[in-house]
Amino acid sequence: MLGVLGIVYGDIGTSPLYALKAALLHFDEGGIEPWEILGVLSLIFWSLMLTVTLKYVTFVMRADNKGEGGIMALMALAQRSATTNRGKFIIALIGIAGAALFLGDGMITPAISVLSAIEGLEVIEPGFKEYVIPLTLGVLLALFLIQYRGTGSVGKVFGPICALWFGTIGLLGLIECIDNPAVFAALSPWPAINFCLHYHLAAFIAMGAVVLAVTGAEALYADMGHFGRRPIRLVWLFLVLPALALNYFGQGALLLQQPEAIASPFFFLAPEWFRPFLVVLATAATVIASQAMISGAFSIARQCVQLGFAPRLQVIHTSTTEEGQIYMPQVNFALLVGVVILVLEFKNSDSLAAAYGLAVTGTFLCTTILALLVFRRQFGWHWSLVLLVFVPLLMLDISYFIATALKIPEGGYVPVIIGIVTFTMMLTWYRGRQLLFARFRQDSLPLKSFLARLPQSRTTRVPGIAVFMTGQADYLPGALLHNLKHNKVLHERVIFVTVRNEDVPNIALDRRAEVTDFGGDIHRVILCYGFQESPNIPRELERLASEGLITFEPMQASYFLGRETIVAAAVPKMARWQQWLFTLLSRNSVPATEFFKIPSDRVVELGVRVAI
């Protein structure tokens, strides 16, 4: 449960730093009325209850993909029930959109969290304002630079720090609530309803900030595979939710008595002597929240690669025992550049709050749509029950999304730009690979036809083992045809290897490989991996050899790979700009030798021109 605290609840646990303040600042002109404070508090409380407790904890967490959660796992689960290719493609678009927005969220979370914590220095001493930006950048730079070391050693202290954090913010809120128990009127939904009826469409402005209180809710589902649903549910219900609610109500009680505390209601909750410690604790908590989001971005990026929505990226395992602890240098660098730009551009957490909400609400919306499909088709819920449960949740998510979309001119354009760019890259890569495989099937020779003609071909067999990597198990790889054409020989032992990525997190070892013996020392090996796994071809071939399924000696093997050069067909099936982007992504993807852990000194690459 300490692990759950440190990894799952870091993001949502730091929301009290800025959520209530951001929501009330829109109505600060001319002073804040008590009914406005109670109305916003009620909106925050019921957002926590409906979005987190009801939607994620009660329903969405039931939709696990072999124990794994997250937007891509949910997308893979929803695709199983699709009966047409068009339906699968539409579901894929929703999943890609959710993943793209989640990666945008991964940039904004570290920036706003750490910045809001360091801003506590201004409460202690206004003269510290000029040091806020440099200190924030220093903390963030250090955070990203240590990612290569992995989260294992640092993770041991995450849980206790977060336990101290939640205990502290809950106690500070409780003390203030005891002084002014009238604030508990916000437990009723009527102050929220009254607030919305009074402001009508303007209430959407408050909703756009209220959603900041539930940022990080997606982590409950995304990290389900690491901890299981029971610990996540228990920690939420018995520790995190009470601590958050008490702190928000404590801030509200303080504002009812001292409206001028709106400048920083979170830090003004603490007595003056305690504030320096609270700033340090808040900074530690926001670093943990940022770490959790960065690790989540690594996991989502790897899932996108394994499911065929992104080019090959370098994946470094930082733990010998934990499969999920990985480091991805390209993703880490992209996040660092984005975070630094955001801090320098927006300069304070209030400005960043406008940019934050849209990424979160977009992901919420995609998750609800996919969950609706899964509960109806996979779990067999009746339409009436699906509509009763998910339509109100969908309407709430749409309200959040519209509310945050209103802030596009103020900074909401940031996640929109990040999302559009990432979505376009994923869609282009997915479309390009589909066209590439279709061209291979059109131009290649069926494997069975080649094997049937091989005995009569008088092809010279030379000593050694040739491993041909191919994406199409039933077709002859272009590298073999080129080798026969130019070298006019075939090795004594030939192994065709195809890596197939399944829509499940992990594949059991006894289901990893499918071996077909074609005779004449020619074998086909299909290796299956889940979207949470990284392939290692030599290790798997050695394992199969030890089981007597194939003949394989690492020092005698040569790996033949085709290097595709993309050219425009006579009638192009992709727009010119998409072809350019697909080619650019192909050139910058991690080499197959590195991705599949193939020794570089045993590789032969043969160029292939492919027109699409």
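**Reading salt bridges and a helix contact**

A search of the whole structure finds seven salt bridges. This is a predicted model, in which local features need pLDDT of at least 70, side-chain atom pairs count only at pLDDT 80 or more, and totals for chains, interfaces and linings use all residues. Residues are numbered from 1 along each chain as its sequence is written, and side-chain values use heavy atoms, with hydrogens and water left out.

Me: What is a salt bridge?

Reply: A salt bridge is a side-chain nitrogen of Lys or Arg within 4 Å of a carboxyl oxygen of Asp or Glu. Take Asp 64 and Arg 229: their side chains meet in one, at 2.8 Å from N to O.

Me: Which parts does the pair of Asp 64 and Arg 229 tie together?

Reply: Helices (H or I, at least four residues) and strands (E, at least two) are DSSP runs, numbered from the N terminus. Asp 64 sits in the loop between helix H4 (34-59) and helix H5 (71-79), and Arg 229 is in helix H14 (residues 229-257), so the pair links parts 165 residues apart in sequence.

Me: Which residue forms a salt bridge with Arg 512?

Reply: Glu 540 does, with the closest N and O atoms 3.7 Å apart. Arg 512 lies in the loop between strand E4 (489-501) and strand E5 (513-519), and Glu 540 in helix H23 (residues 537-546), so this pair ties together parts 28 residues apart in sequence. Arg 512 counts as buried at 8%. Glu 540 is buried as well, at 4%.

Me: Which residues are joined into one network?

Reply: Start with Glu 547 and Arg 543, whose salt bridge has its closest N and O atoms 3.0 Å apart. Salt bridges that share partners join Arg 512, Glu 533, Glu 540, Arg 543 and Glu 547 into one network.

Me: How are two packed helices described?

Reply: By the angle between their axes and the distance between the axes. Axes are lines fitted to C-alpha atoms, for helices over the stretch in contact, and angles run from 0 to 180 degrees between N-to-C directions. Here the axes of H5 and helix H16 (residues 275-306) come within 9 Å and cross at roughly 35 degrees.

Me: Which residues of H5 and H16 meet?

Reply: Contact means heavy atoms within 4.5 Å. Ile 71, Met 72 and Ala 73 in H5 meet Ile 300, Gln 303 and Cys 304 in H16.

Notes:
Buried means under 20% relative accessible area, exposed over 50%, partly exposed in between (1.4 Å probe, protein chains only).
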